[in-house]
Amino acid sequence: MDNIKIRLNDFADIFSGFAFSTKNDMSDYGIPILKIGNIIGNGDISTETDSFYPHPISKKISKYFLKNNDFLVAMTGATIGKIGRIKVKDDSFLVNQRVAIVRAKNNVNSRFLYYFLSQKIFQKYIDNISNGSAQANISAENIGKFLIDNKILKISQNKIASILSAYDDLIEVNNKKIKTLNEMAQEIYKEWFVRFRFPGHEKAEFQNGIPKGWEIVKVKNFCKVFTGKKDVNQTIENGKYLFFSCSPEIFKSNDYIYDGKAIIIAGNGSYTGRTRFFEGKFDLYQRTYAIISDDNLFLEFLYFTFKNDFEKRFMGGTRGAAIPYIVMKDITEYKFLYNDKIIRDFVSFVIPINKKIQNLIQANENLKTQRDLLLPRLMSGKLEVKG
């Protein structure tokens with residue numbers, strides 16, 4: 001009996017999100033709607049969205065509310081098979097079509113099932129059934145056909161879920177700290193470079209809307225910009241260095257293209273324009289850009305400029321229809337306000353904040369690595385769980 005295979009839909013209810021109509025259903029306010037782009041890999045779900053469903057909620061729509069113990073599976077496109085889970089209050093988010101909602105049944109620990117499906121065997125199953133079409137697609141019915149050994153019901157689901165959740169809980173705490181620190185640094189940036197309330201602003205004279213002594217410059221005057229040379233399928237699971245692509249998900253590589261401080265920018269796809277800061281050895285996808293400079297202090301300032309303005313302006317791309325993208329000229333020709341003294345004073349404020357952010361990001365990467373090493377050993381029984 002231990003080797004009996006049971007379908008996933010015997011362990012969970014699986015159904016697709018609702019086919020919301022942009023014209024008829026979506027609004028600028030109301031209940032936020034999670035789309036396939038919100039599943040960003042590594043088990044993460046972004047709650048940032050520009051799509052909302054207005055009140056009141058009909059009984060027909062209420063079925064598609066995300067519950068706290070649910071998790072989601074991407075059903076199409078580049079992220080097909082990726083799963084994600086967030087802690088939410090019931091009925092805080094609605095789920096759009098092409099995203100499967102997985103809701104564990106009463107005899108199964110939902111967190112345990114989520115971790116079980118985080119293993120490679122599930123992604124391999126999804127890849128196999130979605131091959132052969134121009135646009136990879138799966139259905140909720142196909143997801144439900146995934147076979148699981150009946151013996152998983154006999155192992156310590158609650159204990160295993162508790163062990164693995166401890167890592168994710170720490171990651172969540174760190175993410176909240178990162179968010180707070182980012183907001184703090186961005187607020188300082190806006191105060192100095194948007195509202196022009198920098199130290200000594202009371203005595204500043206203005207001309208054409210900007211303080212005298214400031215100038216409008218371009219990125220190419222200060223920095224070098226380059227792209228990677230590899231495709232994502234050239235990444236290595238347990239590589240030595242981080243590999244940045246256009247997805248928020250971070251991969252690994254045994255090679256590195258640069259060692260030092262850099263601003264990383266997604267060049268195409270759903271996350272076009274997304275900006276991050278990194279210091280160390282890293283590799284790059286061929287459509288991902290890196291900005292570097294001999295002046296590291298200036299580079300720290302430029303990162304906050306990009307986060308405050310460039311990312312918002314270029315998010316979603318400026319070119320392309322089916323697949324949005326930007327080109328190198330969008331970056332090198334980008335204009336911003338420059339005053340050397342004010343910039344260096346600003347950086348002296350934000351370097352300690354940015355250092356804390358980078359340390360927390362690295363701590364999260366370490367936690368994910370440890371969790372992912374434990375996962376298969378716990379699920380296979382190679383690492384015994386007592387109690």
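A cavity here is a set of points, on a 1 Å grid over the protein atoms alone, where a 1.4 Å probe fits but cannot get out. A search of the whole structure finds one such cavity of 30 Å³ or more, a volume being the space filled by probe spheres set on the points, which are joined across faces, edges and corners. This is a predicted model, in which local features need pLDDT of at least 70, side-chain atom pairs count only at pLDDT 80 or more, and totals for chains, interfaces and linings use all residues. Residues are numbered from 1 along each chain as its sequence is written, and side-chain values use heavy atoms, with hydrogens and water left out.

**The largest cavity**
- The largest cavity holds about 50 Å³ of space, and its lining residues (those with an atom within 4 Å of a point) include S245, I264, R274 and T288.
- Strand β18 gives the most to this lining, with three residues, and strands (DSSP runs of E, at least two residues, numbered from the N terminus) β18 and β19 each supply at least two.

**Residue T272**
- T272 is found in the loop between β18 (258-266) and β19 (275-284), and at 0% relative accessibility T272 counts as buried, a term for under 20% relative accessible area with a 1.4 Å probe and protein chains only.
- The side chain of T272 reaches the backbone oxygen of G269 at 2.7 Å and the backbone oxygen of P324 at 3.3 Å.

**Helix α5**
- The 37 residues of helix α5 (residues 157-193) should span 54 Å at 1.5 Å a residue, which agrees with the 52 Å between its end C-alpha atoms; the expected span is 1.5 Å times one less than the number of residues.

Key:
Helix = DSSP H or I, 4+ residues; strand = E, 2+ residues; numbered from the N terminus. Buried < 20%, exposed > 50% of the residue type's maximum accessible area, 1.4 Å probe, protein only. Polar contact = N/O pair within 3.5 Å; in protein donor to acceptor, adjacent residues only side chain to side chain. 1 Å grid on protein atoms, 1.4 Å probe; cavity = no way out; pocket = protein on both sides within 12 Å on 5 of 7 lines; lining within 4 Å.
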